[in-house]
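Keep the viewer open as you read.

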Amino acid sequence: MTEGVDRVDERDRVIGVVERGEAVRNGWPHRIAVTVCHRADGRRLVHRRPAHATRFPGLHNGLIGGAVTAGESYEAAAAREPAEELGVRAHPVPLFTFFCDGAIFPYWLARHETRTDGPLRPVPAEIAGLRWCTAAEIDALIAAGAFVPDGAEAWERARKGGHLPGR
């Protein structure tokens, strides 16, 4: 088995362990943990996906994250992903979890936030570019259709829930 993930039900309860690709192919919900990085001035980190990416090439996203491996907590995955993708040690704070129908497959998404003011070392295979954006700049990217759909949904849920720091 390659990367194993917890297959979960409509209440985010584990019902088995499956290979991640199998979960995606079959539309079986599993867990995704993401972290939104922000600076002291309230700007949020937005990255652009590489042009060669199989999913959403060239689009922007404010979520750094990925699959929660089998047996891993959302919080551990949310801390692991910024280290893997940005080369930074993060201490994410969990904000909310929701079921996302997803543009590609359904999953439970746990959104976290962390302050990151230090240097970033993005992995080129994952990230083509970085920029620090205001809320208005993120809104403009979403309105222009230049944002990953699931990232836009998480942004809107954060707005409605009052989870946008630095506003």
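For sorting lining residues, Ala, Val, Leu, Ile, Met, Phe, Trp, Tyr, Cys and Pro count as nonpolar, Asp, Glu, Lys and Arg as charged, and the others, Gly among them, as polar. With that in hand, note that what you're looking at is a predicted model, and start with its largest pocket, which holds about 770 Å³ of space. Its lining splits into 17 nonpolar, five polar and nine charged residues. If you want to find the middle, go to Arg-20, Arg-49, Arg-55, Gly-65 and Gly-66, which lie nearest the centre among the 31 lining residues. Strand S6 (64–67) gives the largest share of that lining, with four residues. Helix H1 (20–26), helix H2 (74–86) and strand S8 (107–115) are among the other elements that supply at least two each.

The structure has one cavity of 30 Å³ or more, and the largest cavity contains about 80 Å³. Strand S4 (44–48) and helix H4 (149–160) are the elements that give two or more residues to its lining. Among the lining residues are Val-36, Leu-45, Phe-147 and Trp-155. By type, the lining comes out as eight nonpolar, two polar and two charged.

Next, zoom in on Thr-35, in strand S3 (residues 31–38). Is Thr-35 buried or exposed? Its relative accessible area is 0%, and buried means under 20%, so Thr-35 counts as buried. A polar atom of the Thr-35 side chain sits 2.8 Å from the backbone oxygen of Ala-78. Further along the chain, Thr-35 also touches residues including Gly-62, Pro-92 and His-112.

Finally, the charged pairs: the whole structure has 15 salt bridges. One of them joins Asp-6 and Arg-31 at 3.9 Å, N to O. That pair ties strand S1 (residues 4–8) to strand S3 across 25 residues, and both partners are buried. Another salt bridge pairs Arg-43 with Glu-137 at 3.5 Å, linking the loop between S3 and S4 to helix H3 (residues 135–143), 94 residues apart. Here Arg-43 is partly exposed at 28%, and Glu-137 is partly exposed at 31%. Helix H3 also reaches helix H4: Asp-139 and Arg-159 form a salt bridge with the closest N and O atoms 2.3 Å apart, connecting the two helices over 20 residues. Asp-139 is partly exposed at 28%, as is Arg-159 at 27%. Shared partners also join Arg-39, Asp-41, Arg-43 and Glu-137 into one salt-bridge network.

Conventions: Residues are numbered from 1 along each chain as its sequence is written. This is a predicted model: local features need pLDDT of at least 70, side-chain atom pairs count only at pLDDT 80 or more; totals for chains, interfaces and linings use all residues. Side-chain values use heavy atoms; hydrogens and water are left out. Buried means under 20% relative accessible area, exposed over 50%, partly exposed in between (1.4 Å probe, protein chains only). A polar contact is a pair of N or O atoms within 3.5 Å; within protein, one must be able to donate a hydrogen and the other to accept it, and residues adjacent in sequence count only if both atoms are side-chain atoms. Contact means heavy atoms within 4.5 Å. On a 1 Å grid over the protein atoms alone, a cavity is a set of points where a 1.4 Å probe fits but cannot get out, and a pocket is an open set with protein on both sides within 12 Å along at least five of seven lines; lining residues have an atom within 4 Å of a point. Grid points are joined across faces, edges and corners, and a volume is the space filled by probe spheres set on the points. A salt bridge is a side-chain nitrogen of Lys or Arg within 4 Å of a carboxyl oxygen of Asp or Glu. Lists of a residue's contacts leave out its neighbours within four places in sequence.
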